[in-house]
Amino acid sequence: MQDEPRPDEILTAVSAFLKGVATRESGPHIAFQLRVCANAAEICQRQLTLGPPAEAAELARLQALLGVGGDLPSLNRELARRIRDGEIDLSTPGLVEHLWPTTMAKLAVDQPNYSGYRAALAEQAALKEA
């Protein structure tokens with residue numbers, strides 16, 4: 001394993017190149033494709049840096065909510081099954097407290113500039129200050 005540069009740093013540099021020089025020196029169709037590639041690299045970069053702690057927290061919340069052990073995909077399937085079968089709903093203690101941070105963590109990776117995500121972050125910050 002290499003020490004420097006880290007994978008997230010490499011992806012940041014690739015994204016900057018794709019959005020900068022490469023896009024400016026290309027025709028419209030290729031420039032669009034380069035921006036798509038740059039966005040994909042940025043998602044990967046955020047997944048590398050934000051994903052592991054968010055996934056660990058999600059796993060812990062699911063284990064507490066469901067009262068069973070397992071891996072993240074299995075527990076998410078079990079959660080979906082229980083919701084589908086009506087065994088749990090939004091009145092179940094802990095469900096909303098699990099769904100909200102899980103959704104926010106996924107948006108932080110996939111769509112950090114989404115206006116609804118930004119508004120929710122601002123609302124959370126305001127509640128903490130109050």
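The model is predicted.

**Helix pairs**

Two packed helices are described by the angle between their axes and the distance between the axes. The table gives both values for two pairs.

| Helix pair | Angle | Axis distance |
|---|---|---|
| α3 and α5 | roughly 170° | within 9 Å |
| α5 and α6 | about 130° | 11 Å |

Angles over 145 degrees count as roughly antiparallel, so α3 is roughly antiparallel to α5. On the α3 side, the contact is made by Ile43, Arg46, Gln47, Leu50, Ala54, Glu58, Arg61, Leu62 and Leu65. On the α5 side, the contact residues include Leu95, His98, Pro101, Ala105 and Val109. The residues of this contact comprise 10 nonpolar, 3 polar and 6 charged.

Helix α5 spans residues 95–110, and helix α6 spans residues 115–129. These two helices are oblique to each other. Their crossing is left-handed. From α5, Trp100, Met104, Leu107 and Ala108 take part. They meet Tyr117, Ala120, Leu121 and Gln124 of α6. Here the residues divide into 7 nonpolar, 1 polar and no charged.

**The nonpolar core**

The largest nonpolar core has 8 residues. They are Leu62, Leu65, Leu66, Leu72, Leu75, Leu79, Ile88 and Leu95. Helices α3 (28–66) and α4 (72–84) each supply at least two of this core's residues. Leu62 and Leu65 of α3 and Leu95 of α5 also belong to the contact between those helices.

Leu75 is one of the core residues. Leaving aside neighbours within four places in sequence, Leu75 is in contact with Leu59, Leu62, Gln63, Leu66, Val68, Gly69 and Gly70.

Notes: Residues numbered from 1 in each chain as written. Predicted model: local features only at pLDDT ≥ 70, side-chain atom pairs only at ≥ 80, totals over all residues. Heavy atoms only, no water. Axes fitted to C-alpha atoms, helices over the stretch in contact; angles between N-to-C directions. Helix = DSSP H or I, 4+ residues; strand = E, 2+ residues; numbered from the N terminus. Parallel < 35°, antiparallel > 145°, perpendicular 65-115°, else oblique. Left-handed = near helix turned anticlockwise from the far one by under 90°. Contact = heavy atoms within 4.5 Å. Nonpolar A, V, L, I, M, F, W, Y, C, P; charged D, E, K, R; others polar. Core = buried A, V, L, I, M, F, W, Y, C linked by side-chain atoms within 4.5 Å. Buried < 20%, exposed > 50% of the residue type's maximum accessible area, 1.4 Å probe, protein only.
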